[in-house]
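Student: I am new to this structure. Please take me through one part of it closely, starting with a pair of aromatic residues and what surrounds the theme of ring contacts.

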Amino acid sequence: MQVTGTAHEQQQEPVATAGWWRRWWRQQSATRQDRFAMLAPVAAVLLFLAAIVSAFWYLRLEEMDREHEAVRRDVEYAQQRVRLRLLERQEQLMRVARDISNQEMDREEFVSRAESMVIQYPELQALAWIDERRRIRASYAAPSLSSSQIRPAGGVLRSGETADIYTLARDLQQPVYSQPVAGTDSTGLLQLHIPLAQQGKFSGVILGEYSIDGLLRYAVPAEVSAKYAVALLDGKNRVLAGSSVPPRNRATQLLPWAAQPNEYEVPVSPVGNGLIIRAQAYRTSLGVIGSGLFWLVGALSAMTAWMLIGNWRHTRRRLQAQRALVAETNFRRAMENSMLTGMRALDMQGRITYVNAAFCQMTGWSEAELVGRTPPFPYWPDADREQLMARLDDELHGRTVAGGFQVRVKRKDGSLFDARLYLSPLIDAKGQQTGWMTSMTDITEPNRIREQLSASYERFTTVLEALDASVSVAPLGSEELLFANKLYRLWFGVQTAGHLQMVAQAGVPEHPRTDESLDEVDSFVGLPTNSLTSAKSENAEIFVPELGKWLEVRSRYLNWVDGRLAQMVIATDITPRRHAEEQAAAQAERAQTSSRLITMGEMASSVAHELNQPLTAINNYCNGLVSRIRKQQISEEDLLAALDKTARQAQRAGQIIQRIRSFVKRSEPNRTLSDIALIVSEAVELAEIELRRRNVRLSHYVAARLPKLMVDPILIEQVLVNLLRNAAESIEHARRPPSRRSVELRVIPKDVDGQPVIEFSVLDSGQGLAPEVMGRLYEAFFSTKAEGMGIGLNLCRSIVESHQGRMQAENIYNGTDVAGCRFSFWIPLAGTPDSIENKDAPVAA
């Protein structure tokens, strides 16, 4: 009985609840019942949609956690492989450094070992052995490196971040990794500096450069690269190598479970200097399926909700449409009144049915004065009525131009303005044409600007045609001539042959240069990607046999008006200047010969005294022989000995005369690889005559094993003779005692700004140079000697500078007293590029 009663109570409880619900529903008004009846299904659909979203969200979060854990494991595995590969290469480089420190490896073995390592390990791009003075003793680089990233042997480590890391490795005495900042020549490379130590002292570094892209390609396991988008980042989160997953589409990003990308990153340190490895999981089909299912459920739910409230919206549409029509009409009227373009409507008979406010403002006629008017209209000029009537007939019959046509319009005050009319048909709601709509734009100001531009273009063309230089423009890879001024047409006609001939003779590339090591996929590889107008022009001087003229050719690349890349060539006739330069060179050569003649004229007494000694000896020998032969007091042996001495004295006199003749003989500049010791000995032999006459001692020192110089030996000999004579004269004018009358000539090798040179210096014990003389020392026709012409030192400096050398003078002090003067000049070695390039340049006066 007890169980039965309890069951009866449970049956009565739902019935009581249902009765309460019905009573509450009946108590509500009809409006509230309709509202609840409409909102209840909508609320149910929204709750269903929320449940679906929550379920998808939970499942997606679970899946994302599993995927993220898998990414973390794979990235940490890839990190270990990258670190292990870096440590293996570091250990190999440390063994190379240890062999170098123990002097068990020379430069050839280093280059051979570096080549084998670069070939064996693709991520290793370059190895360099840098000594304690930051000079690169040996290096090897992979062929894939550009020329700007290669460190050639014999160069010096340039200042920058690489030099700073070099200093850090020297201070720490342990391997240091560095990643050059963006903008340097080593961008995309990872550098390893391993210090070298010989007997406890720092002796340089071994610089290894890794390709970050190669490190990613060969160190990251293939199974990780296949599953994820792997990339290497720097400390500022910039991608150095690798790829990234592209962003998902907008609809997918709106989903809550697709907001967070599945990625993981971990630093490669303690090696790698801030390198970070990052992996991003690729999209899977599950996300697309989940998104599609979500949008399907959402669309069905939205459709159900829309159908439930459709009737309620339908009852409000009529009122809303009426209000929208009134607002649209007011809006269109306001838009028409605010337009600057005049609008005019015509019916099929040509009667004006509508004009807007802009049209009335343009013509000065009111809407009441224009609407209903038939041709001719009052804004037509009297002189154009026949033409405008024909235009109107074409408009009414549909014979119109798509781009419109230009007419003149008369205002009410009688003034005229230019206008452009555009015509379009008026179609009613039934699809039938009821007339024509014409829009009118005032083009008076654009026409004025166009006329000014035309006049400006005509003036610009006139200036180009009047230039005394040839101007031509031709596109790259084509024989079309885009532009040529009057002088070009006069010289070469209207063909591109002259343009191409000047480009070829000037050595200017007709096509942009490409790297031969790259695939020739694009003829424009290597051109600057920024604005070409900021590029520097190239110029050269060429001779055109067809014209018989010397031309100075300047060229540059530019973007033509149609976007094509073109080359502009400007050629100027420099034939008179070349002739003047040739005459100046001839004058300089004659001045050098005159200087040598003047020098020998000043040394005439000394030369006569020098020749007098062997000639006197010859005379004495001959007189003695004649006397003894007549007396028959000479034997055959004494006779032969006396004749031998006479021959040697004659040979000595001949050598003196031959030396003077070769010194003063005029000849063309002849630069050859000359022996320095021979030049010095011949100059000393000539100068010693003058120095002995002035009682001046000469000592000279020439360093051993000097290389040969690419010079004209006669010109350099002339410089040395002039400097030695000036030194002897300075000592004589200073009235030095015999113990201090000395001149020293030294020839030694030196380095000037990193360039190997040979320095010649002449040091005397004379009175030095006064300050006012020092400033005008090389000035032409300036001399401190009463009988001097003032061209000696000027020619000496010109000769030295023509050999790409420099000349200088300085006083030598003993405390505050001037103890002498030192003249020195240096000539670059024959192997330097400047010497070889300019070996045939004429001497400047």
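Tutor: Start with Tyr488 and Phe492, which are both buried. The model is a predicted one. Tyr488 and Phe492 sit in helix H13, residues 486-492. They are four residues apart there, about one turn of the helix. Their rings form an aromatic pair, with 5.2 Å from centre to centre.

The structure holds nine aromatic pairs. Take Phe377 and Trp380 next. Their ring centres are 5.2 Å apart and their planes stand at 75°, so this pair is edge-to-face. The cut-off for that label is over 60 degrees. Phe377 and Trp380 are both buried. They also belong to a cluster: ring pairs link Phe359, Phe377, Tyr379 and Trp380.

Rings also take part in another kind of contact. The charged end of Arg89 sits over the ring of Tyr121, 3.6 Å from the ring centre. Arg137 places its charged end over the ring of Trp129, and here the distance to the centre is 4.6 Å.

Trp129 leads on to Phe110. Apart from neighbours within four places in sequence, Phe110 is in contact with Trp129 and others, among them Val96, Ile100, Leu127 and Ile206. Phe110 and Ile277 have the most contacts inside the largest nonpolar core, a set of 45 residues. Helix H2, residues 30-101, gives the largest share of this core, 10 residues. A second, separate core has 44 residues, including Ile679, Leu715, Ala728 and Ala809. In soluble globular proteins, nonpolar side chains tend to be buried together.

Gln567, in strand S19 (residues 565-573), is buried, with a relative accessible area of 2%. The C-alpha atoms of Gln567 and Leu482 are separated by 9.8 Å, though the two residues are 85 apart along the chain.

Three bridges join S10 (residues 342-347) to S11. Leu346 stands opposite Ile352 in S11.

How values were computed: Residues numbered from 1 in each chain as written. Predicted model: local features only at pLDDT ≥ 70, side-chain atom pairs only at ≥ 80, totals over all residues. Heavy atoms only, no water. Pairing = 2+ DSSP bridges. Helix = DSSP H or I, 4+ residues; strand = E, 2+ residues; numbered from the N terminus. Buried < 20%, exposed > 50% of the residue type's maximum accessible area, 1.4 Å probe, protein only. Core = buried A, V, L, I, M, F, W, Y, C linked by side-chain atoms within 4.5 Å. Contact = heavy atoms within 4.5 Å. Phe/Tyr/Trp six-rings, centres within 6.5 Å; stacked < 30°, edge-to-face > 60°. Lys NZ or Arg CZ within 6 Å of the ring centre and 35° of its normal.
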